[in-house]
Amino acid sequence: MIEEISRIEAEALRRVDEVAAIDDLRLLESDLVGKRSPLAEVKRAMGRLDEGQRAAVGRRLNAAQRAVSDRLSARRAELEAVVLLGRLEAERLDLTEVRSGRDAGHLHLVTQVIEELEDTFVGLGFTVAEGPEVEDDWHNFTALNFAEHHPARDMQDTFFVDLGRPREVLLRTHTSPVQVRVMEKRPPPIYSVMPGRVYRNEATDATHLAVFHQLECLVVDRGITFGHLAGTIDMFTKAFFGEGFSSRLRPSYFPFTEPSAEFDIQRPDGSWLELGGSGMVHPNVLANCGIDPEEWSGFAFGFGLDRLAATRHGVGDLRELMSTDVRILSQF
Ligand code: PHE
């Protein structure tokens with residue numbers, strides 16, 4: 001009987017080693033260690049043996065059973081590793097791949113504009129500052145001299161965040177709150193530009209986005225005049241767009257500047273592009289930020305970047321700037 005067990009064991013181990021697929025191993029397992037397996041039959045036959053023989057055969061049988069199940073587990077681990085490797089290989093994503101030429105990807109059009117504008121202004125001696133997109137009423141409105149009931153505070157324009165007191169926390173509607181943050185943080189002279197994303201609760205169409213980008217420019221120093229404002233806008237227009245471009249100012253109104261002006265730039269073909277708002281920093285704004293308006297004066301201007309990026313590349317519909325469609329993105 002002991003010989004019989006050795007034969008069954010050797011045969012079982014050989015079959016385990018031969019299995020190549022995890023599913024086949026599962027089937028084989030019930031053949032080798034299940035209730036109808038040859039080893040189970042031997043166990044049943046042991047009843048016929050006398051006691052002395054039974055102990056020896058029992059030990060041999062246990063050893064054989066352990067050897068077979070150990071080999072089954074080892075083989076299972078091997079085959080599972082193969083399955084896992086196969087799956088990993090099949091699902092592999094090479095995120096490091098960089099191809100040359102146009103397929104290599106590029107910065108978003110608006111990001112390109114932001115980086116170029118930053119370069120232009122840094123070249124003119126400005127620093128770059130940033131502020132949070134989730135703002136409070138003080139920085140977005142109150143410090144900027146918005147009257148309590150100014151229409152821009154209306155639910156129609158502003159996305160309020162459900163946090164703190166009602167209407168206290170909001171998504172900034174322009175980059176002008178960064179002016180306030182810069183002035184609160186450091187004393188003049190200040191020569192800074194502040195690019196960023198802004199939010200307005202408006203219906204989107206070909207020329208309006210609810211989420212868009214602006215660049216703010218702020219100068220505070222002694223003896224700053226409206227002439228400096230006009231000169232800086234013209235200088236940046238030529239530096240950014242080219243020598244053939246010029247700018248003009250039209251009277252306007254903003255609570256945080258006085259006097260205020262909208263500014264347009266003229267293309268070499270004579271056509272005009274409305275770009276943004278500007279003006280001399282209102283004395284109340286300087287005072288709100290702890291700057292003495294008797295000693296210091298300043299100008300600020302701000303304009304949208306999405307329209308600029310779109311115009312530059314002949315994109316007719318601003319919503320396409322937000323597209324994730326490679327057929328659109330790969331054109332630039
Ligand atoms: N913040 C204004 C807007 O979003 C633009 C502006 C900036 C006007 C700075 C004057 C000075 O329309």
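Start by selecting arginine 71 and showing what surrounds it: beyond residues within four places in sequence, arginine 71 is in contact with Leu13, Val16 and Asp17. Keep in mind throughout that this is a predicted model. Arginine 71 sits in helix H4. Is arginine 71 buried, partly exposed or exposed? It is partly exposed, at a relative accessible area of 31%.

**Stop two: H1 against H4**

Now select helix H1 (residues 2-18) together with helix H4 (residues 51-90). Their axes come within 10 Å and cross at roughly 0°. That angle makes H1 roughly parallel to H4, because anything under 35 degrees is put in that class. Show side chains on the H1 face, which includes Ile2, Ile5, Leu13 and Val16, and on the H4 face, where Ala56, Val57, Leu61 and our arginine, Arg71, are among the contributors. Colour the contact by class and you get 13 nonpolar, 1 polar and 5 charged residues.

**Stop three: zoom out to the domains**

Colour by domain: the assignment gives domain 1 as 2-90 and domain 2 as 109-329. How many Å separate the centres of domain 1 and domain 2, taken over C-alpha atoms? The answer is 77 Å.

**Stop four: H5 against H8**

Next, select helix H5 (residues 109-123) and helix H8 (residues 226-241). Here the axes lie 10 Å apart and the packing angle is about 125°. That makes H5 oblique to H8. The crossing of H5 and H8 is right-handed. From H5, pick Val113, Glu116, Leu117, Thr120 and Phe121; from H8, pick Phe236, Ala239 and Phe240. By class, this contact of H5 with H8 has 6 nonpolar, 1 polar and 1 charged residues.

Select helix H7 (residues 176-185), where 7 of the 10 residues are buried. The buried ones are Ser176, Pro177, Val178, Gln179, Val180, Val182 and Met183.

Then jump to phenylalanine 212 in strand S5 (residues 211-221). With 15% relative accessibility, phenylalanine 212 counts as buried. Setting aside residues up to four places away in sequence, phenylalanine 212 touches Gly196, Arg197, Val198, Arg200 and Asp306.

Most residues other than glycine have a negative phi, and most peptide bonds are trans. So here are the exceptions to click on.

- Proline 188 to proline 189: the peptide bond is cis, with omega near 0°. Look for proline 189 in the loop between H7 and strand S4 (190-199).
- Glutamate 258 to proline 259: another cis peptide bond, omega about -5°. Proline 259 belongs to strand S7 (residues 257-266).
- Asparagine 145: phi is positive, about 75°. Find asparagine 145 in the loop between helix H6 (137-140) and strand S3 (169-171); it is partly exposed, with a relative accessible area of 22%.
- Arginine 167: phi is near 65°, again positive. Arginine 167 is in the loop between H6 and S3 and is partly exposed at 39% relative accessibility.

Key: Residues are numbered from 1 along each chain as its sequence is written. This is a predicted model: local features need pLDDT of at least 70, side-chain atom pairs count only at pLDDT 80 or more; totals for chains, interfaces and linings use all residues. Side-chain values use heavy atoms; hydrogens and water are left out. Axes are lines fitted to C-alpha atoms, for helices over the stretch in contact, and angles run from 0 to 180 degrees between N-to-C directions. Helices (H or I, at least four residues) and strands (E, at least two) are DSSP runs, numbered from the N terminus. Angles under 35 degrees count as roughly parallel, over 145 as roughly antiparallel, 65 to 115 as roughly perpendicular and the rest as oblique. A crossing is left-handed if the near helix is turned anticlockwise from the far one by less than a right angle, and right-handed if clockwise. Contact means heavy atoms within 4.5 Å. Ala, Val, Leu, Ile, Met, Phe, Trp, Tyr, Cys and Pro count as nonpolar, Asp, Glu, Lys and Arg as charged, and the others, Gly among them, as polar. Domain bounds come from an automatic or database domain assignment. Buried means under 20% relative accessible area, exposed over 50%, partly exposed in between (1.4 Å probe, protein chains only).
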